[in-house]
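I'll jot down what I look up as I go.

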Amino acid sequence: MYCVAKRLPDIERFGLANQIRRAAVSLTNNIAEGHGRYHYLDQIKFTLQSRGSLEELIDDLNACEDEKYVSTEDVGPLKQQGWRVCQLLDGYIRYLRQQTNSPASRVKEEELLQSADADDSRFSM
(Lines give C-alpha, C1' and ligand atoms only; values in the text may rest on other atoms or scores of the structure.)
Protein backbone atom coordinates (compact mmCIF):
# COMPACT_ATOMS: atom_id res chain seq x y z
CA MET A 1 0.00 0.00 0.00
CA TYR A 2 2.95 2.29 0.55
CA CYS A 3 3.86 1.82 -3.13
CA VAL A 4 0.32 2.83 -4.08
CA ALA A 5 0.57 5.92 -1.85
CA LYS A 6 3.85 6.91 -3.52
CA ARG A 7 2.24 6.73 -6.97
CA LEU A 8 -0.55 9.15 -6.14
CA PRO A 9 -0.43 12.69 -7.53
CA ASP A 10 0.88 15.54 -5.39
CA ILE A 11 -2.64 16.83 -4.78
CA GLU A 12 -3.30 13.64 -2.76
CA ARG A 13 -0.06 13.74 -0.74
CA PHE A 14 -1.78 15.00 2.42
CA GLY A 15 -5.15 13.43 1.69
CA LEU A 16 -5.53 9.95 0.30
CA ALA A 17 -1.82 9.07 0.41
CA ASN A 18 -1.60 10.01 4.08
CA GLN A 19 -4.77 8.06 4.86
CA ILE A 20 -3.41 4.96 3.09
CA ARG A 21 -0.15 5.09 5.06
CA ARG A 22 -1.95 5.61 8.37
CA ALA A 23 -4.41 2.76 7.74
CA ALA A 24 -1.63 0.38 6.67
CA VAL A 25 0.36 1.10 9.83
CA SER A 26 -2.78 0.90 11.97
CA LEU A 27 -3.56 -2.55 10.59
CA THR A 28 -0.27 -4.07 11.74
CA ASN A 29 0.05 -1.97 14.91
CA ASN A 30 -3.33 -3.14 16.17
CA ILE A 31 -2.44 -6.79 15.60
CA ALA A 32 0.81 -6.27 17.50
CA GLU A 33 -0.83 -4.38 20.35
CA GLY A 34 -3.55 -6.99 20.70
CA HIS A 35 -0.94 -9.74 20.75
CA GLY A 36 0.81 -7.95 23.58
CA ARG A 37 -2.31 -8.08 25.75
CA TYR A 38 -2.82 -10.89 28.23
CA HIS A 39 -6.58 -11.18 27.74
CA TYR A 40 -8.29 -12.74 24.77
CA LEU A 41 -11.05 -10.11 24.79
CA ASP A 42 -8.45 -7.35 24.39
CA GLN A 43 -6.84 -9.29 21.55
CA ILE A 44 -10.23 -9.60 19.86
CA LYS A 45 -10.90 -5.87 20.25
CA PHE A 46 -7.58 -4.89 18.65
CA THR A 47 -7.92 -7.46 15.87
CA LEU A 48 -11.35 -6.06 15.04
CA GLN A 49 -9.76 -2.60 14.87
CA SER A 50 -7.17 -4.05 12.52
CA ARG A 51 -9.89 -5.49 10.32
CA GLY A 52 -11.49 -2.04 10.18
CA SER A 53 -8.21 -0.55 8.95
CA LEU A 54 -8.05 -3.23 6.27
CA GLU A 55 -11.55 -2.32 5.10
CA GLU A 56 -10.41 1.31 4.90
CA LEU A 57 -7.49 0.28 2.71
CA ILE A 58 -9.75 -1.65 0.36
CA ASP A 59 -12.03 1.37 0.11
CA ASP A 60 -9.00 3.58 -0.56
CA LEU A 61 -8.12 1.26 -3.43
CA ASN A 62 -11.62 1.80 -4.80
CA ALA A 63 -11.06 5.57 -4.63
CA CYS A 64 -7.70 5.22 -6.40
CA GLU A 65 -9.33 3.19 -9.13
CA ASP A 66 -12.30 5.57 -9.47
CA GLU A 67 -9.98 8.56 -9.79
CA LYS A 68 -7.78 6.64 -12.24
CA TYR A 69 -4.73 7.07 -9.98
CA VAL A 70 -4.09 3.33 -10.20
CA SER A 71 -5.12 0.99 -13.00
CA THR A 72 -7.77 -1.67 -12.55
CA GLU A 73 -5.12 -4.29 -13.39
CA ASP A 74 -3.01 -3.11 -10.44
CA VAL A 75 -5.92 -2.72 -8.02
CA GLY A 76 -7.38 -6.19 -8.60
CA PRO A 77 -4.52 -8.23 -7.10
CA LEU A 78 -4.19 -5.81 -4.18
CA LYS A 79 -7.88 -6.21 -3.36
CA GLN A 80 -7.54 -9.99 -3.58
CA GLN A 81 -4.66 -9.85 -1.11
CA GLY A 82 -6.75 -7.61 1.11
CA TRP A 83 -9.66 -10.04 1.12
CA ARG A 84 -7.26 -12.90 1.91
CA VAL A 85 -5.88 -10.95 4.87
CA CYS A 86 -9.49 -10.34 5.96
CA GLN A 87 -10.11 -14.11 5.92
CA LEU A 88 -7.00 -14.67 8.03
CA LEU A 89 -8.07 -12.00 10.53
CA ASP A 90 -11.56 -13.51 10.72
CA GLY A 91 -10.04 -16.93 11.42
CA TYR A 92 -7.82 -15.47 14.13
CA ILE A 93 -10.83 -13.74 15.71
CA ARG A 94 -12.75 -17.04 15.66
CA TYR A 95 -9.80 -18.74 17.36
CA LEU A 96 -9.59 -16.03 20.02
CA ARG A 97 -13.34 -16.24 20.67
CA GLN A 98 -13.05 -19.99 21.15
CA GLN A 99 -10.29 -19.40 23.68
CA THR A 100 -12.52 -17.10 25.72
CA ASN A 101 -14.99 -19.99 26.06
CA SER A 102 -12.33 -22.50 27.16
CA PRO A 103 -11.61 -22.40 30.91
CA ALA A 104 -8.40 -24.40 30.44
CA SER A 105 -6.82 -21.76 28.26
CA ARG A 106 -7.66 -18.70 30.34
CA VAL A 107 -4.68 -16.74 31.53
CA LYS A 108 -4.29 -15.95 35.21
CA GLU A 109 -2.88 -12.51 35.83
CA GLU A 110 -0.95 -13.63 38.90
CA GLU A 111 0.98 -16.22 36.88
CA LEU A 112 1.76 -13.70 34.18
CA LEU A 113 2.98 -11.12 36.65
CA GLN A 114 5.19 -13.67 38.39
CA SER A 115 6.71 -14.88 35.13
CA ALA A 116 7.25 -11.30 33.95
CA ASP A 117 9.12 -10.48 37.17
CA ALA A 118 11.25 -13.61 36.82
CA ASP A 119 12.49 -12.87 33.30
CA ASP A 120 12.65 -9.33 32.03
CA SER A 121 15.48 -10.14 29.62
CA ARG A 122 13.55 -8.79 26.66
CA PHE A 123 13.74 -5.32 28.22
CA SER A 124 17.42 -5.36 29.22
CA MET A 125 20.16 -3.98 27.03
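This is a predicted model: local features need pLDDT of at least 70, side-chain atom pairs count only at pLDDT 80 or more; totals for chains, interfaces and linings use all residues.

**Surface**

What does the accessible surface of the protein come to, and what percentage of it belongs to carbon and sulfur atoms? I got about 8600 Å² for the accessible surface, with 51% of it belonging to carbon and sulfur atoms.

**Overall layout**

Next I looked up the secondary structure. I found five helices and zero strands, so from the N terminus the order reads α-α-α-α-α. Then I turned to contacts between residues with a separation of 6 or more: 65% of those join residues 24 or more positions apart.

**The core**

Which residues touch the most other members of the largest nonpolar core? That core has 18 residues, and my list of top touchers is Val4, Leu8, Ile20, Leu54, Leu57 and Cys64. Helices H1 (2–7), H2 (16–35), H3 (40–66) and H4 (72–100) each give two or more residues to this core. H2 gives the most, with six residues.

Skipping its neighbours within four places in sequence, I found Val4 in contact with Ile20, Leu61, Cys64, Val70 and Leu78.

Then I went to Leu8. I found this residue in the loop between H1 and H2. Is Leu8 buried or exposed? Its relative accessible area is 8%, and buried means under 20%, so Leu8 is buried. Again leaving out neighbours within four places, its contacts are Leu16, Ala17, Ile20, Cys64 and Tyr69. I also checked Leu8 against Cys64: they are 56 residues apart along the chain, yet their C-alpha atoms are separated by 8.2 Å.

**Helix H3 and what follows**

I counted 27 residues in H3. From its first C-alpha to its last, H3 reaches 39 Å, close to the 39 Å expected at 1.5 Å a residue.

Inside H3 I looked at Gln43. With a relative accessible area of 9%, Gln43 is buried. Beyond its neighbours within four places in sequence, Gln43 is in contact with Gly34, His35, Arg37, Tyr92 and Leu96.

What is the phi of Lys68 near? I got a positive value near 60°, in a residue other than glycine. I wrote a reminder beside that: most residues other than glycine have a negative phi. Lys68 lies in the loop between H3 and H4. Its relative accessible area is 71%, so Lys68 is exposed, the cut-off for that being over 50%.

**The aromatic pair**

How many aromatic pairs does a search of the whole structure find? I found one. The partners are Tyr92 and Tyr95, 6.4 Å centre to centre, with 15° between the planes. That pair counts as stacked because planes under 30 degrees apart get that label.

Why are these two tyrosines about one helical turn apart? Tyr92 and Tyr95 are three residues apart in helix H4, so about one helical turn separates them. My reminder here: an α-helix has 3.6 residues a turn, so residues three or four places apart point the same way.

Tyr92 is partly exposed at 28% relative accessible area, and Tyr95 is partly exposed at 40%. Tyr92 was already on my page, as one of the contacts of Gln43.

Methods. Residues are numbered from 1 along each chain as its sequence is written. Side-chain values use heavy atoms; hydrogens and water are left out. A nonpolar core is a set of buried Ala, Val, Leu, Ile, Met, Phe, Trp, Tyr and Cys residues joined through side-chain atoms within 4.5 Å. Buried means under 20% relative accessible area, exposed over 50%, partly exposed in between (1.4 Å probe, protein chains only). Helices (H or I, at least four residues) and strands (E, at least two) are DSSP runs, numbered from the N terminus. Contact means heavy atoms within 4.5 Å. Rings of Phe, Tyr and Trp (its six-membered ring) pair if their centres lie within 6.5 Å; planes under 30 degrees apart count as stacked, over 60 as edge-to-face and the rest as tilted. The expected span of a helix is 1.5 Å times one less than its number of residues. Accessible areas come from the Shrake-Rupley method with a 1.4 Å probe; for residues, only the protein chains shown count as cover.
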